[in-house]
Amino acid sequence: MLASKLSTALVLLASSFLPALGQVGPGIVTGDVAAHDPTLCKDRNGKYFLFSTAPGIDIRTSTDRTHWTRVGSVFPNGAPWTDTYTGTRNGNLWAPECYYNGNEFLLYYSASSFGSQRSAIFLAKSTTGEPGTWQDLGMVTSSSTANDYNAIDPNLFIENGNWYLSIGSFWSGIKLLRINPSTGKPLSNTVTSLARRTTAGGAVEASTIYKYGNYYYLFTSWDKCCSGTSSTYNIRVGRSTRPDGGYVDRNNVPLTNGGGTLVLASHGRVIGPGGQDVYTDGDGPIIVYHYYTPSGHALGINRLDFSSGWPVIV
């Protein structure tokens, strides 16, 4: 009995260190979970919608946030208006970002190709979120070699009637646009810098702004994505007292100067976690991300604990 209690205590003690090390595994998910760059929404009936990178953008649904079924695509007949950016007919549409306002879904998504700065972000809407019900609302913003950033990986943050869209990958890093709530499109062409790396080829992308307590948290993905078990993606974070800049990591290094506190890295069979979205559900903050295993890519869902002032995977 004593040995059993001691063993249990040691397990509990060891597990207490895991979140700080970013070693907690994904929660249980089943069904079709091969989702890349996932974003999560829930409608007023409690049905979950997960959108992810794919030709036409994949849609998966769930009633319990555990079992997922792929039900089709946002654009089942393709999105030819994006072909000039993807460089191919019906190419992958990247890193969607969904928002549900109680009556309709908005979906920001990007079109580009690997290593290209010729990119664009578009916007679509639907009242149900189901395949084939989406109306495209046109381009939101674009980039070219004339810009010092890349217009991909959109993330929408809304507070007190103010809308912000963070975007960006590599080059000069993560940028912020002010958005007109009436149109879902930029109020101006002015961009604000939120995060930048000058090492590792500038590999920072997939931004997510999330408010908890008195702080705004900027999550990003660092290093190499989309390379199977050779991926080195990892999730980093900084925080600020305002949404439009001033983010620093736990060591007070500005994110615009390469700062970023580790939230989740490769461990065990979880390789290259990233492409994250953060969502407030009934049981608190949720982080949704993709990762690789020797069998392919998969969906990760975990809760986040902010009790220390910094997000910890649980």
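Buried denotes under 20% relative accessible area, exposed over 50%, and partly exposed the range in between (1.4 Å probe, protein chains only). The model is predicted: local features need pLDDT of at least 70, side-chain atom pairs count only at pLDDT 80 or more, and totals for chains, interfaces and linings use all residues. Residues are numbered from 1 along each chain as its sequence is written, and side-chain values use heavy atoms, with hydrogens and water left out.

**View A. Surroundings of Asp 37**. Asp 37 counts as buried because its relative accessibility is 13%. Contacts (heavy atoms within 4.5 Å) link Asp 37 to Phe 51, Ser 52, Thr 53, Ala 95, Pro 96, Gly 275 and His 290, not counting residues up to four places away in sequence.

**View B. Surroundings of Glu 205**. With a relative accessible area of 8%, Glu 205 is buried. Beyond residues up to four places away in sequence, Glu 205 touches, among them, Ile 152, Asp 153, Phe 170, Cys 225 and Tyr 233.

**View C. The largest nonpolar core**. A nonpolar core is a set of buried Ala, Val, Leu, Ile, Met, Phe, Trp, Tyr and Cys residues joined through side-chain atoms within 4.5 Å. Among the 20 residues of this core, Phe 51, Ile 57, Val 74, Phe 75 and Trp 134 touch the most other members. Leaving aside neighbours within four places in sequence, Val 74 is in contact with residues including Phe 51, Ile 59, Leu 107 and Trp 134. Another core, of 18 residues, lies apart from the largest one and includes Tyr 210, Ile 235, Ala 298 and Ile 313.
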